[in-house]
Each structure stands twice: as C-alpha cells, then as structure tokens.
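Here is a short tour of one protein model and the two ligands it holds. Look at the structure first, then read on.

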Amino acid sequence: MSARLEIDTGMEGFRFWPGALSASEQAGLLAEVLAAEAVAPFYRPVTPGGRPFSVRMTSLGPLGWVSDRGGYRYQATHPGTGEAWPPIPRLLLDLWRDLTGAEPPPDACLVNLYREGAKMGLHQDRDEAEMTAPVLSVSLGDAAMFRIGAAGGGPTKTFRLASGDVCALTGPARLARHGIDRVIAGSSTLVPGGGRINLTLRRAAPASQQT
Ligand code: MD3
Ligand code: FE
C-alpha cells in the first residue's frame, strides 16, 4: 500500500487520507468489484416512500444494506437474485485493520455506483447495531463533492473525494449528517462507462454476533 498521510479535517472523528490507494490498488479493487457484479448486480433501491435512489447499489460481505417499501435494513442476500453477497475484498479488510484497528472486522460493504447526475441527499447512517464501530469509505473513479455537518445540524463543510481517497467516521462524526452533492463527470477514467464507485465498510451486526 502506498504512503498514507492523514490530513486534518478540522472535524473531530472525521479522518481523511487523500490518495491512500495507489493506481494499481485502485485498479485491482475495481476489478474485484466488477467481478462481483456478476453475482450481485447493481440495482436501484427505492426509499420506504417508493422513490428510486439515483445511486445504484450492491453489497459485499455477510450483510448488505437494502432499502425498499419495507424500510432500511441489513440482510444476507441480494434482493434481486436471492443469492448471498460476494466476499469483502482482502485489500479492504487490511485497510480497515491498518487505519481503524477496530474489532470485530467489518461485516458489510455497501457499494454505491454514481453514474452521471447521481447524488445522495444529506442523511445519517443509523441502521447499524454497533454505533461505536467506525465506518470506512473508499472512493474510486470520478471525484465527488462530499458534504458533512454535525449530527445536531448547523453549518456543513464540503470536501472533494477523489479516486483512491479513504476516510473514516468515528466517535462524534459517526452520526454526522452527510451526502454527495455532485459527481465531477470526466474527472477520472477508472470506471468503465464513467462515474464514481464508493465502498463503505461497516459493522452492521452486534459485536456479540461474530461473522
Ligand atoms: C459520515 N455514502 O453509503 S461515503 C452511504 O460517497 C454514504 O457514497 C457516501 O453516505 C458515498 O451511506 C459517502 C463517506 C461516509 C460514509 C459513511 C458515513 C461518510 C459518513 C457515516 C457517518 C458519517
Ligand atoms: Fe451515509
């Protein structure tokens, strides 16, 4: 793994390592994600209210995040195929260990695909049983403008997330409001067909329930 220099975000619990993954690591990781697509195709979930997300999603690992008319939850199978999700790539498990040191290891990796025009509104991630566990995010492909603010509201800050950037959300930032305002189309040639892929590693099941 290439040098990983952490920058100061000025926000407690929001850790950021720009360019943490080398070009070859990014290409290798992308190849694994695209291979997994054969088993767990990207699909467009709908909100509990029935609105389709502009982001396409799939998951890797024992549990995957899904949203439908029934609500948000983690489940062991792809909602379209009924098959188990493919495994979390080794590189991501190593990255989680090296950067967060958190135990137990992640049991869920949500894969978000942003084609041109896709975005994600401000929200909080609160569907995980273990809210003390960090979330680790890896960006691939086109850069995006990421917005983050305190859980209780107030001002937000924006950060540009580019291919190979990694961030972690821990402690007070774990419940931060955050979203993707826009993807900068054409800023990377990594993803075939264009766009951005974000991988988020999480601990979804209780720590007592080892996977
Ligand atoms: C801040 N994904 O999947 S990753 C999501 O780029 C999500 O696809 C965005 O928000 C994306 O829920 C942002 C960075 C991120 C991930 C999890 C967080 C930021 C977070 C959890 C808490 C606070
Ligand atoms: Fe989120």
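Helices (H or I, at least four residues) and strands (E, at least two) are DSSP runs, numbered from the N terminus. This is a predicted model, where local features need pLDDT of at least 70, side-chain atom pairs count only at pLDDT 80 or more, and totals for chains, interfaces and linings use all residues. Residues are numbered from 1 along each chain as its sequence is written, chains are lettered from A and ligands numbered from 1 in the order in which they are written, and side-chain values use heavy atoms, with hydrogens and water left out.

**The iron site**

Ligand 2 is an iron ion. Its protein donors are His-123 (NE2), Asp-125 (OD) and His-178 (NE2). They lie 2.0 to 2.3 Å from the iron ion. Donors are N, O and S atoms within 2.8 Å of the metal (3.2 Å for Na, K and Ca); water is not among the atoms, so sites may look incomplete. Along the chain, the donors follow the spacing H-x1-D-x52-H.

How accessible are these residues? Buried means under 20% relative accessible area, exposed over 50%, and partly exposed in between (1.4 Å probe, protein chains only). His-123 is partly exposed because its relative accessible area is 25%. Asp-125 has 11%, so it counts as buried.

**Ligand 1 and its surroundings**

Which residues are closest to ligand 1? They are Asn-112, Tyr-114, Leu-169, His-178 and Arg-196. In total, 19 residues surround this ligand. Here a residue is near a molecule or strand if one of its heavy atoms lies within 4 Å of it.

| Residue | Distance to an oxygen atom of ligand 1 |
|---|---|
| Asn-112 | 3.0 Å |
| His-178 | 2.9 Å |
| Arg-202 | 3.2 Å |

Taken alone, ligand 1 exposes 500 Å², and the protein buries 98% of that. Areas come from the Shrake-Rupley method with a 1.4 Å probe; for residues, only the protein chains shown count as cover.

E12 gives the most, with four residues.

**Loops and a helix**

Arg-174 is found in the loop between strand E10 (166-169) and E11. Arg-174 is buried because its relative accessible area is 5%. Its side chain joins that of Glu-128 in a polar contact of 2.7 Å.

Phe-42 is in the loop between helix H1 (23-36) and strand E2 (56-60). At 16% relative accessible area, Phe-42 is buried. Phe-42 and Arg-56 are 14 residues apart along the chain, and their C-alpha atoms are separated by 5.6 Å.

Ala-36 belongs to helix H1. Ala-36 is buried, with a relative accessible area of 11%. From Ala-36 to Met-57 is 12 Å, C-alpha to C-alpha, across 21 residues in sequence.

Gly-82 sits in the loop between strand E4 (71-75) and helix H2 (90-100). Its relative accessibility is 45%, so Gly-82 counts as partly exposed.

**A cis bond**

Most peptide bonds are trans. Glu-103 and Pro-104 are joined by a cis peptide bond, with omega about -5°. Pro-104 lies in the loop between H2 and E5.

Conventions
Polar contact = N/O pair within 3.5 Å; in protein donor to acceptor, adjacent residues only side chain to side chain.
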